[in-house]
Amino acid sequence: MSTNNNDLNTKNSRRRFIQTSAAIAASALTPSLNLFAATDITGQLAAYMAGARNQELPPETLIDAKYRILDTVAAMISGSKLLPGEMAIRFARTQGGTTEASVFATNIKTTVINAAMFNAMLAHSDESDDFEPVTKAHPGSATVPAALALAEKEHRSGADLIRGVALGYDVGCRFLMALGPDHVRGTHRGAEAYNATMGAMASAASLAHLNETQMRYAISYAAQQVSGLWSWVDDHDHVEKSFDFSGMGARNGTTAVAMVQSGLTGVYNVLDGKHNLLSALSTQPNPSAMIADLGTRFYISESSIKTFPVGYPNQAPLDAFLKLSQENKLTPNNVEKITVRIPEDAIGIVGNSPMPDVNCQYLIATALLEGNVSFANSHSQERMKLPQIRSLMERITVIGDPKLNDPLAPRGAIVEVYLKNGQILSKHTRFPPGTKENPLTTEIVSTKARDLISPVLGVNKTQRIVQEILELEKMRDINQLTSLLITK
């Protein structure tokens with residue numbers, strides 16, 4: 001569709017946004033034997049998506065969005081110096097393409113699709129990106145790179161970027177809620193990739209200023225590309241995982257938007273028509289979850305920012321152990337053994353993982369020896385092989401405890417420390433720092449970002465990046481930010 005048609009649709013999109021927001025709750029309650037008959041799910045979602053770029057976010061949501069953007073930018077920049085990021089950048093240099101958007105921490109400029117994919121791989125080169133506890137997705141690492149790529153190409157404002165990113169979190173997480181995240185994982189599929197494709201599509205579509213009809217087509221093109229297997233758990237180097245969790249979804253979602261921007265048409269009602277996406281991917285779909293509470297519940301405020309640059313199931317164990325350590329001056333000399341209790345579904349992820357930033361035993365051993373867990377130590381394969389560390393790891397047992405299978409606190413942990421004098425210490429962290437129940441301050445988020453960015457881009461540039469993102473709603477052109485994220 002032409003720019004003129006986009007302009008003509010603006011008022012209709014705004015009106016439909018208001019009507020949709022008001023109708024969503026009522027439509028979700030409409031009884032029907034056919035889950036899809038009562039409402040035009042695709043149309044209601046498309047109308048909301050088209051109008052979201054013109055709607056101000058609540059003040060607290062605005063702040064939360066800036067924190068997640070800053071956190072993801074930090075993950076991208078630091079990830080450029082890890083193996084998955086280095087391999088992604090090496091591949092990016094072979095791809096060429098129209099110079100539309102930047103690959104961060106490099107001097108590469110390529111297509112918006114390539115930029116979104118490679119930046120997303122940088123964002124999940126590490127385990128420092130954010131995490132949504134209910135869906136167990138990593139929304140920022142695909143949604144933010146896709147939004148930044150479109151925003152750079154289209155010279156959008158900081159406010160546009162913030163609203164687009166918030167929309168991406170909302171659509172990506174709701175997609176998993178509509179399918180049932182446990183059902184997805186229970187059928188050998190990677191829920192993270194599902195979230196990434198739909199979240200990246202929504203954020204990119206918002207920055208592309210697609211109208212309501214175009215949004216329908218973008219949803220459909222993204223739907224055809226949804227994929228992902230839980231086989232990522234066997235990736236011992238975290239390389240394919242950076243593609244599975246983030247790069248693939250960012251590429252897919254941005255591709256969907258770029259195709260529709262170019263005038264390609266598609267299926268009008270892929271979420272509720274014949275052979276629709278939700279029925280295809282779930283045996284018990286909940287279509288109303290795609291639109292439930294849109295405009296009042298913002299998933300970007302529900303995602304958790306990690307305080308430690310490690311796999312999310314390790315956040316609560318580390319928090320609990322470090323508190324015990326500080327309170328009781330724990331050392332390898334006075335600790336006999338440690339038991340870490342985590343939810344049962346986390347054992348297969350962090351129990352004896354070959355990846356140091358995911359291995360719970362290694363991280364607790366490091367915390368016992370060092371009194372903390374640094375970025376460098378949490379990523380060192382060599383250090384995990386040291387005899388002193390291996391000896392400490394043998395004292396640590398990680399157990400899947402059914403009592404911690406709490407849907408209201410899905411990533412809590414209990415740490416029990418058995419001292420050599422016979423004393424037993426215990427600490428339960430139900431909500432690790434960075435969750436909505438235990439939020440971080442601006443200074444803590446900024447400090448984490450500075451620690452990750454400054455070794456790559458330098459202290460002075462890092463300080464400017466942090467300041468610009470914390471005041472992002474004032475920025476007229478996002479290129480003001482992206483110019484700081486590249487190297488010459």
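Colleague: Where is the place of lysine 329?

Modeller: This is a predicted model, in which local features need pLDDT of at least 70, side-chain atom pairs count only at pLDDT 80 or more, and totals for chains, interfaces and linings use all residues. Residues are numbered from 1 along each chain as its sequence is written, and side-chain values use heavy atoms, with hydrogens and water left out. Helices (H or I, at least four residues) and strands (E, at least two) are DSSP runs, numbered from the N terminus. Lysine 329 lies in the loop between α13 (315-328) and β3 (335-342).

Colleague: Is lysine 329 buried or exposed?

Modeller: Buried means under 20% relative accessible area, exposed over 50%, and partly exposed in between (1.4 Å probe, protein chains only). With a relative accessible area of 68%, lysine 329 is exposed.

Colleague: What is the phi of histidine 188?

Modeller: Most residues other than glycine have a negative phi. Histidine 188, in the loop between α8 (181-186) and α9 (191-207), is not a glycine, yet its phi is positive, at about 70°.

Colleague: Which residues of helix α4 (residues 83-92) are buried, and within what arc do they fall?

Modeller: The buried residues of α4 are Pro84, Gly85, Ala88, Ile89 and Ala92. They pack against α3 (59-79), α5 (112-123) and α11 (239-261), where contact means heavy atoms within 4.5 Å. The arc is that of the directions from the helix axis to the C-beta atoms. Seen down the axis of α4, the buried residues line one face of the helix, because they fall within an arc of 130°.
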